[in-house]
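Subject: Handing over the structure, with notes

Dear colleague,

Here is the structure that I would like to pass on to you. Please open it beside this message and look up each residue as you read.

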Amino acid sequence: MDDTSYFIGLGNNDTVTRKKAGQDYVKFWEAEARNLHWFEKWNDVLDWNPPFARWFVNGKINASYNALDVQCNKNGKKVAILWEGENGDRRSITYQELLNYVCKVANTLKSLGVKKGDRVTVYLPMIPELIVSMLACARIGAIHTVIFSGFSSQSIRDRVIDSKSKVIITADGGFRRGEIVKLKQVIDEAVSDLDFVEHILVYEHTKTPVHMGKKDSPWNSLVNGALEQCEPEKLDSTHPLYILYTSGTTGKPKGVLHGTGGYLVHLYSTFKWIFDIRDTDIYFCTADIGWVTGHSYVVYAPLMHGATQVIFEGALVFPTPARIWDLVERYKITILYTTPTALRMFMKYGDSLPNSKDLSSLRLLGTVGEPINPQVWKWYFKTIGKEKCPIIDTWWQTETGGALVSPMPGVETITLKPGSATLPLPGINVSVVDEHGNDLPPETKGYLVVTKPWPGMLLSLWNDDEKYKTVYWSKYKSMYYPGDYAIMDKDGYLWMLGRADDVLKVAGHRLGTAEIESGFVSHKSVAEAAVCGIPHEVKGESIIVFLVLKEGVVQSKQLEDELIQHIRNVVGPIATPDHLYIVSKLPKTRSGKIMRRLLKSVASNEQIGDISTLEDEAAIDDIRTAFAELQNTIQKN
Ligand code: WTA
């Protein structure tokens with residue numbers, strides 16, 4: 001822990017205080033809900049039937065109406081999106097243009113037979129059409145399920161099968177580091193034989209030739225001819241807005257299901273408190289929309305506030321590492337929200353790049369997705385923010401919908417501590433507890449829990465209420481278990497210490513070790529696989545895999561390359577391991593569970609602790625031998 005403190009903030013607004021919210025969190029959120037547009041008011045703020053929460057029961061609302069029409073009724077000429085492609089292409093889209101475009105796509109979806117409650121899978125690069133597709137679904141009450149473009153065919157197939165999407169929206173390709181990622185081709189491999197997929201809508205972005213089959217329709221030909229008006233569906237507050245698949249401790253990704261009313265209220269309020277959003281701001285969140293940060297704090301929250309934001313497709317260090325700072329300078333970005341991985345990468349290129357640019361427009365700097373190292377926090381504060389911008393470290397998850405722990409420069413002036421996400425937001429109740437659920441004294445490492453429901457919380461897991469109960473509500477009775485370690489210091493500040501389970505955070509991407517293991521085991525030569533993460537200077541964690549080959553399979557460099565290619569194809573490039581070790585046995589407990597902790601220690605060259613539960617101690621020696629051999633090979637080359 002770092003004890004340097006920075007006293008910083010923008011003001012005091014005593015209408016929203018943690019203390020007031022704490023007196024009656026239900027009443028507090030009810031007051032916040034009045035900031036949104038409702039077609040009909042709720043008759044019950046919270047129906048809490050543990051572990052299922054229904055917020056603003058019987059209220060009628062539409063997410064796209066709150067994101068677009070509300071702003072258009074004030075000033076539709078305001079710019080919503082300043083888009084820049086990796087190749088330098090630019091587009092500027094006003095709120096009115098965005099609303100018209102969304103209505104056209106909503107009408108197109110209707111013409112393809114999409115109805116309220118149907119699922120639509122969206123697999124697009126970071127282009128305005130991604131936002132348009134999501135809002136078009138929201139307008140007609142269809143449930144969008146966006147898949148990050150770094151996932152490939154098998155991952156997509158699993159998700160499309162689980163959600164039973166009737167329509168898929170994709171593009172010919174996307175740009176990444178000067179290359180074209182062929183998205184339509186991946187979709188063809190993933191879903192071409194699935195009967196329930198009725199239509200695939202293909203947007204032409206990179207002008208890459210694609211195969212157009214009988215289910216495929218070009219976006220332009222359908223959308224251009226559609227009507228620019230589409231009445232928003234008046235949806236129940238608890239109507240599902242989207243499914244977002246995320247990794248957990250089991251092989252199959254979980255479909256996190258978010259509702260509409262509660263989720264939007266959570267986002268509207270947190271965005272205002274955290275980013276102190278003002279009419280003149282130029283906001284830039286670098287997250288991909290394929291992850292929750294993009295859903296919540298690129299799509300829904302900024303649009304509900306009528307904000308102007310920069311959207312960028314591609315890598316922030318391409319074609320030169322100065323790209324990110326060029327964007328800040330050119331668009332006069334005032335609020336930057338990014339990840340510790342991105343910051344560590346920018347920091348590696350030294351101070352001269354940011355120092356050579358005009359970053360004086362910046363006033364707030366945010367971070368999300370992983371614990372931020374205090375030295376990176378300080379670099380962000382000093383080199384980028386020139387000691388005048390608060391660093392807003394926001395802790396949350398796909399499941400929480402929006403931020404739960406964060407400083408609130410829009411509301412109060414508080415002391416920041418580098419590396420701490422500070423305090424729970426108003427109306428949010430958290431604790432740090434031991435294995436048995438007892439509150440721990442300050443400065444003690446334990447598990448973070450959320451003790452009361454909050455509006456952005458997931459409704460359930462798609463089609464799996466039982467799993468929802470087991471994953472989040474079985475470790476502790478009536479407390480939500482996020483799966484993170486944390487410490488609360490004597491001032492009540494929270495220090496997030498990373499995952500307590502087998503979930504990895506690699507370059508900010510959430511991946512389950514079990515998901516990667518199943519990917520490897522699906523290769524014909526692999527008998528067993530074990531994956532662990534070890535600390536990495538830039539990416540936070542890197543993926544290490546240990547494989548046992550099937551009887552008779554001969555190890556070779558060619559096979560190793562094939563295995564790497566296999567995981568890239570089945571899970572996606574984001575699951576590429578940094579090291580792959582072939583061993584003859586894996587260390588397991590007597591009950592047959594792979595001891596990942598042990599693999600982690602071996603891979604990080606650490607001392608191995610208690611191994612008394614090991615079935616066959618020789619396995620560690622196997623791994624050590626394989627590891628030593630590989631280190632020799634690496635050193636020799
Ligand atoms: C981690 C991302 C430390 C945490 C929004 C959590 C963080 C997981 C922070 C969720 C933070 C997120 N400090 N750790 N500020 N924010 N995490 O679902 O381990 O992709 O459980 O949501 O990211 O990842 P997810």
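This is a predicted model: local features need pLDDT of at least 70, side-chain atom pairs count only at pLDDT 80 or more; totals for chains, interfaces and linings use all residues.

Residues are numbered from 1 along each chain as its sequence is written, and side-chain values use heavy atoms, with hydrogens and water left out.

**The open sheet**

Seven strands make up an open sheet with mixed pairing, and their order is β6-β5-β18-β17-β19-β20-β21. Helices (H or I, at least four residues) and strands (E, at least two) are DSSP runs numbered from the N terminus, and two strands pair if DSSP finds at least two bridges between them. Because β6 (90–94) and β21 (391–394) stand at the edges and have a single partner strand each, one side of each is left without a neighbour in the sheet. On average, and with direction ignored, neighbouring strands of this sheet are turned by 20° against each other; the axes behind such angles are lines fitted to C-alpha atoms, for helices over the stretch in contact, and angles run from 0 to 180 degrees between N-to-C directions.

Within this sheet, strand β17 (residues 282–285) and strand β18 (residues 308–312) run parallel and are joined by three bridges, and F284 stands opposite V310 in β18. Helix α4 (residues 95–111) packs on the sheet by touching β5 (79–84) and β6, and its direction makes about 90° with that of β6; here contact means heavy atoms within 4.5 Å. Helix α14 (residues 374–384) lies across β19 (335–338), β20 (364–368) and β21, and runs at about 155° to β20.

Strand β7 (residues 119–123) is mostly covered, with five of its five residues buried, where buried means under 20% relative accessible area, exposed over 50%, and partly exposed in between (1.4 Å probe, protein chains only). In a regular strand the side chains alternate between the two faces of the sheet. In β7 both faces are covered, with R119, T121 and Y123 buried on one side and V120 and V122 buried on the other. Strand β9 (residues 167–171) is also mostly covered, five of its five residues being buried, and there V167, I169 and A171 lie on one side while I168 and T170 lie on the other.

How are these strands linked to others? β7 pairs in the parallel sense with strand β8 (residues 143–146) over four bridges, and T121 stands opposite T145 in β8. Four bridges also join β7 to β9, again running parallel, and V120 has V167 as its bridge partner in β9. β9 in turn pairs in the parallel sense with strand β12 (residues 199–203) over five bridges, where the bridge partner of V167 is H199.

**The ligand**

Which residues are closest to the ligand? It is surrounded by 17 residues, of which the closest are D393, T398, D484, R499 and R510; a residue is near a molecule or strand if one of its heavy atoms lies within 4 Å of it. An N or O atom in the side chain of D393 is 2.7 Å from a nitrogen atom of the ligand, and an N or O atom in the side chain of Q397 is 2.9 Å from an oxygen atom of the ligand. Taken alone the ligand exposes 530 Å², and the protein buries 97% of that; accessible areas come from the Shrake-Rupley method with a 1.4 Å probe, and for residues only the protein chains shown count as cover.

D484, in strand β26 (residues 484–488), is buried, with a relative accessible area of 7%. The side chains of D484 and W395 are joined by a polar contact of 2.9 Å, a polar contact being a pair of N or O atoms within 3.5 Å; within protein, one must be able to donate a hydrogen and the other to accept it, and residues adjacent in sequence count only if both atoms are side-chain atoms.

Q71, found in helix α3 (residues 63–75), counts as buried at 8% relative accessibility. If its neighbours within four places in sequence are left aside, Q71 is in contact with G76, K78, Y95 and G306.

Lastly, the buried residues of helix α11 (residues 323–331) are R323, I324, W325, L327, V328 and Y331, and α11 is followed by K332, whose phi is positive, near 55°.

With best wishes
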